[in-house]
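This report follows selected residues and helices through their packing partners. Please keep the sequence and the model at hand while reading.

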Amino acid sequence: MTPLEAVTHLFVCLILADGRMDFEEREAWADAITELFPNHTEGRAVDFMQDASRTILMMDSFGRRNYAVGLCSMIKAHFSHDDLQNKFGPKVASLVEADGMVFSSEKEMVEDIEKELGIKITLED
């Protein structure tokens with residue numbers, strides 16, 4: 001799995017943590033991908049998003065959390081700690097907050113991501 005795929009799959013886990021995918025969340029994902037992978041191809045990224053959605057929709061909440069934790073090792077290998085803390089973390093927060101509501105399932109997954117990546121992700125309450 002490429003870093004772009006891993007980030008997309010992780011973000012889709014977060015997006016689907018509340019059981020649905022909103023327009024604002026898709027836009028937050030697109031903004032994050034553009035910043036984190038400035039040379040990406042939009043069509044390829046959308047294909048990854050669709051593949052991730054198909055895969056993750058078949059999982060229960062426990063499966064999604066475990067899958068997200070597994071993706072973190074691939075993401076950690078690609079980004080420096082500084083980039084994880086200062087670029088990736090804020091994009092995770094923006095994605096989770098994009099629809100205007102932060103559910104407990106999203107908070108729990110963010111806590112898992114923080115632990116696995118060794119970063120702090122600040123969510124507004």
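## C13 and its surroundings

In this predicted model, C13 touches I56, R64, Y67, A68 and M109, when residues up to four places away in sequence are left out of the count. C13 has its place in helix α1, and its relative accessible area is 0%. C13 is classed as buried because that value falls under the 20% cut-off.

## Helix α1 against helix α4

Two packed helices are described by the angle between their axes and the distance between the axes. For helix α1 (residues 3-15) and helix α4 (residues 61-78), the angle is about 150° and the axes are 9 Å apart, while the crossing in which α1 passes α4 is left-handed. The α1 side of this contact consists of P3, A6, V7, H9, L10 and C13, which meet R64, Y67, A68, L71, M74, I75 and H78 in α4. By residue class, the contact of α1 with α4 divides into 10 nonpolar, 2 polar and 1 charged.

## Helix α1 against helix α5

With α5, helix α1 packs at an angle of about 35°, and the axes of the two helices lie 10 Å apart; here α1 passes α5 in a right-handed crossing. From α1 the contact draws on V7, L10, F11, L14 and I15, and from α5 on F88, K91, V92, L95 and V96. The residues of this contact of α1 with α5 comprise 9 nonpolar, no polar and 1 charged.

## Helix α5: span, kink and buried residues

Helix α5 covers residues 81-97, a run of 17 residues, and reaches 23 Å from its first C-alpha to its last, which is close to the 24 Å expected at 1.5 Å a residue. Within α5 a kink of about 35° lies at F88, shortly before the proline P90. The buried residues in α5 are L84, F88, G89, K91, V92, A93, L95 and V96, and the buried residues of this helix pack against α1, α2 (23-36), α4 and α6 (104-117).

Another residue that lies in helix α5 is E97. E97 counts as partly exposed because its relative accessibility is 22%, a value in between the cut-offs of 20% for buried and 50% for exposed. Once neighbours within four places in sequence are set aside, E97 is in contact with V102, T122, L123 and E124. E97 and E24 are 73 residues apart in sequence, yet their C-alpha atoms are 9.2 Å apart in space.

## Helix α6 and the residue after it

Helix α6 has 14 residues and reaches 20 Å from its first C-alpha to its last, close to the 20 Å expected at 1.5 Å a residue. Its buried residues are E106, M109, V110, D112, I113, E114 and L117, and the buried residues of α6 pack against α1, α2, α4 and α5. One of these buried residues, M109, is also among the residues that C13 touches. Just after α6, G118 takes a positive phi of about 70°.

Key: Residues are numbered from 1 along each chain as its sequence is written. This is a predicted model: local features need pLDDT of at least 70, side-chain atom pairs count only at pLDDT 80 or more; totals for chains, interfaces and linings use all residues. Side-chain values use heavy atoms; hydrogens and water are left out. Axes are lines fitted to C-alpha atoms, for helices over the stretch in contact, and angles run from 0 to 180 degrees between N-to-C directions. Helices (H or I, at least four residues) and strands (E, at least two) are DSSP runs, numbered from the N terminus. A crossing is left-handed if the near helix is turned anticlockwise from the far one by less than a right angle, and right-handed if clockwise. Contact means heavy atoms within 4.5 Å. Ala, Val, Leu, Ile, Met, Phe, Trp, Tyr, Cys and Pro count as nonpolar, Asp, Glu, Lys and Arg as charged, and the others, Gly among them, as polar. Buried means under 20% relative accessible area, exposed over 50%, partly exposed in between (1.4 Å probe, protein chains only). The expected span of a helix is 1.5 Å times one less than its number of residues. The bend at a residue is the angle between axes fitted to the seven residues ending there and the seven starting there.
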